[in-house]
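Subject: Structure handover

Hello,

Here is the structure we spoke about, with the sequence. My notes on it follow below.

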Amino acid sequence: VGGVHYTFKRHNKRKIWELGWSNISSTMKTNLERFRDAVTSKKPFLYYDDSDYYRVRLNSSVDFEEVSFGRYQTSVRMIEVLDIHS
């Protein structure tokens with residue numbers, strides 16, 4: 001509904017991942033901004049968590065805070081996109 005996925009499954013809830021960085025360079029910030037801009041509008045993408053691949057989408061905006069000159073912190077929150085046929 002309106003680009004939002006809902007689930008009513010009791011036991012197979014959608015997984016959520018949150019990745020955070022507290023001291024990244026301006027180059028990494030630029031790369032994350034490009035990533036954010038490419039997957040806006042709730043576009044799903046593949047995420048590998050060292051065990052399996054998941055279809056996910058961003059669950060919140062990726063904002064940056066400058067912690068010292070040229071160094072930034074941010075976090076990325078992703079939620080699993082359920083397959084409609086499962």
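Leaving out residues up to four places away in sequence, K29 touches I24, F64 and Y72, where contact means heavy atoms within 4.5 Å.

Before the rest, the ground rules. This is a predicted model, in which local features need pLDDT of at least 70 and side-chain atom pairs count only at pLDDT 80 or more, while totals for chains, interfaces and linings use all residues. Residues are numbered from 1 along each chain as its sequence is written, and side-chain values use heavy atoms, with hydrogens and water left out.

Around K29

K29 belongs to helix α1, residues 26–38. Helices (H or I, at least four residues) and strands (E, at least two) are DSSP runs, numbered from the N terminus. K29 counts as buried because its relative accessibility is 18%; buried means under 20% relative accessible area, exposed over 50%, and partly exposed in between, with a 1.4 Å probe and protein chains only. Two of its contacts are rings: K29 lies over the face of F64, 5.4 Å from the ring centre, and over the face of Y72, at 5.0 Å. The rule here is that NZ of Lys or CZ of Arg is within 6 Å of the ring centre and within 35 degrees of the ring normal.

K29 also forms a salt bridge with E33, the closest N and O atoms being 2.8 Å apart. Both residues lie in helix α1, 4 residues apart, about one turn of the helix. E33 is partly exposed, with a relative accessible area of 21%.

Salt bridges

The count comes to 3 salt bridges, each a side-chain nitrogen of Lys or Arg within 4 Å of a carboxyl oxygen of Asp or Glu. One of them joins R36 and D37, at 3.3 Å from N to O. Another is R77 with E18, where the closest N and O atoms are 3.5 Å apart. That pair links distant parts of the chain, with R77 in strand β5 and E18 in strand β1, 59 residues apart. R77 is partly exposed at 30% relative accessibility, and E18 is exposed at 51%.

Strands

Core and rings

The largest nonpolar core has 10 residues, among them W17, F45, Y54, V56 and M78. Such a core is a set of buried Ala, Val, Leu, Ile, Met, Phe, Trp, Tyr and Cys residues joined through side-chain atoms within 4.5 Å. Strand β3 gives the largest share, 3 residues.

There are 4 aromatic pairs in the whole structure, counting rings of Phe, Tyr and Trp (its six-membered ring) with centres within 6.5 Å; planes under 30 degrees apart are stacked, over 60 edge-to-face, and the rest tilted. Y48 and Y53 are a tilted pair, because their planes are at 40 degrees, with centres 4.6 Å apart. Ring pairs also link W17, Y47 and Y54 into a cluster.

Regards
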